[in-house]
Amino acid sequence: MNKTDALESIKEIWNNESASLGEKILKISTEFYASGLDVESTAAYVHTTESELAALLSLGEFDDELIGLISKVNPPKTTWTILSCASEEEARHALVEYSKYQQEKGEPVADDADKYFYQSMIGISGPTIEQKVSGLSASAIKHALKKGEDFNALNDKEVKFLKSISAQKKIGKVLSEKQINWLIAIFNKIITKGAIARNSIDGDQEICDKILDAMEK
Amino acid sequence: MGIRIVKNYPSPRLMETIGATNQKPSEAIGELVANCFDARISDEKMEICVDMRDGKIVVLDNGKGMTDSVLEKAVCIAEDMSQHIERGQGAKGHFGMGFKTSCSTLGGFYEIYTRPIGNQKEYHVAFDISDYSLRPSGADAWDVQIEDSDFNINGPLENKSHGTAFVISHLKDKNITVSAVLSYLGEAFKGHIETGDSIVVIDDSGSYLAQPKKYDFIQGTKIDIDTACGPNDCFRITGWMALDKITHNDGLYGFNIYRNNQLVLKWDKSWFRAHLMTSRIIGEVNLDFLDATFYKQGLQQDEKWTIINVHMKEYLKDIVKASNTVSKQGNVSKPAVLKKIVDDLRNDYGEDPVIDAKTEPETSEPSKTADDTGKSVQGAIKNIVKERSLVLKKEGEILISYLEKSGSDKNRGAFDYIYDDTEDVAKLQVILFRDHPLFEKNPNWELMEIVATSDAIYRLLVETLSYDAYEARTIRNEWLWKRTAKGEIADE
């Protein structure tokens, strides 16, 4: 099939309201990849956004059983991107949970289905780096500060920040997203410099491991 | 009118105040190690040991040691030792300040044990810094007691026939990080270690050999530096430079400057404009003819330095250009483009092209995955939040959510959206691609969220809901105004 025919065929199935989501995923991704189309022009042709098309194409990477489940649950478009990023296990879990919710309440998740999907996936994939770093103790942060300083890995601003963060953690304050992101950036720097390492020779292996585990290093 | 001669002795407090430096413990130990190298016996390899056990720091060498007359001069503050001993070219000591400054930085009590070569005597001197602070000013205040004895094999010099040991106790930092000391010594004395000298660091967990620092640069980009400047080209600059595999926003790039094989200036960026695009430039240069500061953490900014600066800025122009080009538009991941950049760079500096250069693309560390497919929502979706909704006369309320997604495609924009009007309530999902080059400089993410959402609103209105551009802009601006006006979000 040439590209023009493939585009026409994709447009037809895209706009076919009676076709299930599973059918759309399988047919569109088959046509798309068989004829060497690109996302940009195909999205323009079917009058959608590149993200919507790309998400649908990515759903085609799942196995037939999972695509069948997607088709049955028929999740809203705003969940497609999240599903397309998920592992099969995460996707299956979120779809099942969503389906249960619909059955119990008799209605779909009204406002934020995307967040619902994300949270149920995170529930089985474990905490994020951000969450793990945020859970580090004041003494771990203080230790990272000491080692970062010893390795000359920190500037004055970062030293001040770590001091303040460890003091805040000590009194049980929850770090903001911005603070966590900065903390992650600083940890990355300290780790790159070798200050926090597996098999540390400084007698601080346990605390180094905690930081490295949180950073998934 | 008369003249009175007064005795102008420095206060003995000086012994304490010279220790009020911003030297890190590793740098202070490095300064003592530098002194060891100055005690080398002709071409013999130096074996230096830094023992950090038992609440003390012992820096021990197998150098030529000091006779009592040399030791007498060495303990004087600011004594020029070149007047008293044969040190030859390349001596690191210059001001007669280094070991006193460093010992006082590290602790409140220090001793020197030394056995001069060809002598059966061992000399010992001790400094109690707190005692100096109590002494009254005057010539006597500076008296130092030098003890001599036969070899004491139970002392820090053990059974060495010659050498010197600095022993510092009453440490200010009682928890010095051994790995930081080891890493610093490996970097600071790279040239010595590479030519066969050894530095061992010992603590309670074991003994460790300092290793020279290793670099990870793009293959083929390492260029040897051998250039001269100044009157009759009297200032010769040698070393190497290369392009790092990664860009840095951590400041760890530029040139490590060595003087007589000792690192005196770390990651100096004086010779090019420091920027993310130039942050691949790394290198090491030897500037033996320049004077260091008295504790060797920097160079004196004199006329020679100015001449070097002018010369090096010009000399580095081509590698600066190459760093910029490599860092642009993902060129580092395009083997053909990268090869051309590397070849051009080598050509600019008169080096032969690299045959069969493996131009490995830059890779980021893979994120932890939930299964074998390597996919997980955890690493890919960074953030999902509810945004201020959009209310339109015709379509009613459109709920907005905003998510940040990792990854980016060169043909795609920095943000996009998905619109869903198939349910009872229409929803707009704004997507920001965090790995887009636009966000390389770690932007204000909150601001980016607003920009991405307002862009999505405008595009939705024009592309999907068929509003004319003027009307779409007005609606977008209204939303933007409400979104950014103080208190609006809180009111919601």
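**Note on a predicted two-chain model**

1. Start with helix H6 of chain B, residues 178-188. This helix is mostly covered, with nine of its 11 residues buried. The model is predicted.

2. Which residues of H6(B) are buried? They are B:Val178, B:Ser179, B:Ala180, B:Val181, B:Leu182, B:Ser183, B:Tyr184, B:Leu185 and B:Ala188.

3. The cover comes from both chains. Chain A contributes helix H10 (138-150). From chain B, the cover includes helix H2 (25-38) and strands E1 (47-51), E7 (198-203), E8 (206-209) and E12 (262-268).

4. Now the contact between the chains. Here 39 residues of chain B are in contact with 41 residues of chain A. On the chain B side, H6, E8, helix H11 (377-380) and strands E14 (381-392), E15 (396-405), E16 (415-420) and E17 (426-433) each supply at least two residues. By class, that side of chain B has 14 nonpolar, 13 polar and 12 charged residues.

5. Next, a helix pair within chain A. The axes of H2 (residues 21-34) and H5 (residues 64-73) of chain A come within 7 Å and cross at roughly 135°. Because of that angle, H2(A) is oblique to H5(A).

6. Which residues make this contact? H2(A) brings A:Leu21, A:Gly22, A:Ile25 and A:Leu26. H5(A) brings A:Ile67, A:Gly68, A:Ile70 and A:Ser71. Five of the residues in the contact of H2(A) with H5(A) are nonpolar, three are polar and none is charged.

Technical notes: Residues numbered from 1 in each chain as written. Chains lettered and ligands numbered in written order. Predicted model: local features only at pLDDT ≥ 70, side-chain atom pairs only at ≥ 80, totals over all residues. Axes fitted to C-alpha atoms, helices over the stretch in contact; angles between N-to-C directions. Helix = DSSP H or I, 4+ residues; strand = E, 2+ residues; numbered from the N terminus. Parallel < 35°, antiparallel > 145°, perpendicular 65-115°, else oblique. Contact = placed C-beta atoms within 7 Å. Nonpolar A, V, L, I, M, F, W, Y, C, P; charged D, E, K, R; others polar. Buried ≥ 20, exposed ≤ 12 C-beta atoms within 10 Å, placed from the backbone.
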